Amino acid sequence: MIHGRYRVVALLHQGGMGAVYEVMDSALNIRCALKEMVPYPGTPGTVLPQLREQFRQEAQLLAGLRHPNLVRVSDHFEEDGNAYLVMDFINGKQLDEIIAEKGRLAEGEVLGWARQVMEGLAYCHEQGVIHRDVKPQNVMITWQGQAVLVDFGLAKLADPRDPRTRTAMRGLGTPEYAPPEQYDTTEGGTDPRSDIYSLAA
């Protein structure tokens, strides 16, 4: 039992800086997804407070977003030195898993999912949020065919009045999908067009 409330059912995914579990919320008797910050082995202890702060920023960023094609965050807490955030449980499969199973997909089906992801991204951009890691692994498809964008660990908060945008979690993204400007760590040149590039890729 985590935080005296969340009972772990299964490990759903582990990679990057976090692990995601399926849990039961014993207070509400509903399934949730629980993301735990898991630093890379050997991460210096002096860096951990900064990583926890960036993880908290991701939780705050997501908690303020409300859109049917974005995962919703409902809680954030720290326990025994670990940081957690609680999200809606998306009952479905990652898009990359569907591609691996089926191979080439029907054009109409893909366009429908792409349109939903675009709607989610358009909403994000209106709120000044750039996802920066749009890829099949971060798109969940529910059993009803709804596309949901997840994992905002690399998200960037864009303020047109201040070019020094704030990054929720440092990282360069995924080479197959990240635009060239995302690798320019000195200028911080990503903007909403970067997400559009990744979606197209």
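Two strands pair if DSSP finds at least two bridges between them. Keep that in mind for the hairpin I am about to describe. Please also note that this is a predicted model.

In the hairpin of strand 4 and strand 5, there are 2 residues between the strands. Aspartate 80 takes a positive phi there, near 50 degrees. Strand 4 and strand 5 are antiparallel and pair over 6 bridges. If you want a place to look, phenylalanine 77 stands opposite tyrosine 84 in strand 5.

Strand 5 has another partner. It pairs with strand 3, again in the antiparallel sense, over 5 bridges. Here leucine 34 stands opposite valine 86 in strand 5.

How many of the 7 residues of strand 5 are buried? The count is 5, so strand 5 is largely enclosed by the rest of the structure. Buried here means under 20% relative accessible area.

Now the overall picture. The protein has 4 helices and 11 strands. It has 201 residues, and 42% of them are buried. The exposed surface comes to about 10,800 Å², with 52% of that supplied by carbon and sulfur atoms. Take the contacts between residues at least 6 apart in sequence: 51% of these join residues at least 24 apart.

Strand 8, residues 139-142, is joined to strand 9 by 3 bridges. Isoleucine 141 stands opposite alanine 147 in strand 9.

The structure holds 8 salt bridges, and I will show you some of them.

One joins aspartate 151 to lysine 35, at 3.3 Å from N to O. These residues are 116 apart and link distant parts of the chain: lysine 35 is in strand 3, while aspartate 151 is in the loop between strand 9 and strand 10. Aspartate 151, at 30%, counts as partly exposed.

Another is between arginine 72 and aspartate 88, with the closest N and O atoms 3.1 Å apart. This pair also links distant parts of the chain, 16 residues apart. Arginine 72 sits in the loop between helix 1 and strand 4, and aspartate 88 is in strand 5. Arginine 72 is partly exposed, with a relative accessible area of 32%. Aspartate 88 is partly exposed as well, at 29%.

The last pair I will show is lysine 93 with glutamate 101, which meet at 2.4 Å, N to O. Lysine 93 has a relative accessible area of 23% and is partly exposed. Glutamate 101 is at 53% and therefore counts as exposed, since the exposed class is over 50%.

That is what I have. I am happy to go back to any of it on the screen.

Notes:
Residues are numbered from 1 along each chain as its sequence is written. This is a predicted model: local features need pLDDT of at least 70, side-chain atom pairs count only at pLDDT 80 or more; totals for chains, interfaces and linings use all residues. Side-chain values use heavy atoms; hydrogens and water are left out. A salt bridge is a side-chain nitrogen of Lys or Arg within 4 Å of a carboxyl oxygen of Asp or Glu. Buried means under 20% relative accessible area, exposed over 50%, partly exposed in between (1.4 Å probe, protein chains only). Contact means heavy atoms within 4.5 Å. Accessible areas come from the Shrake-Rupley method with a 1.4 Å probe; for residues, only the protein chains shown count as cover.
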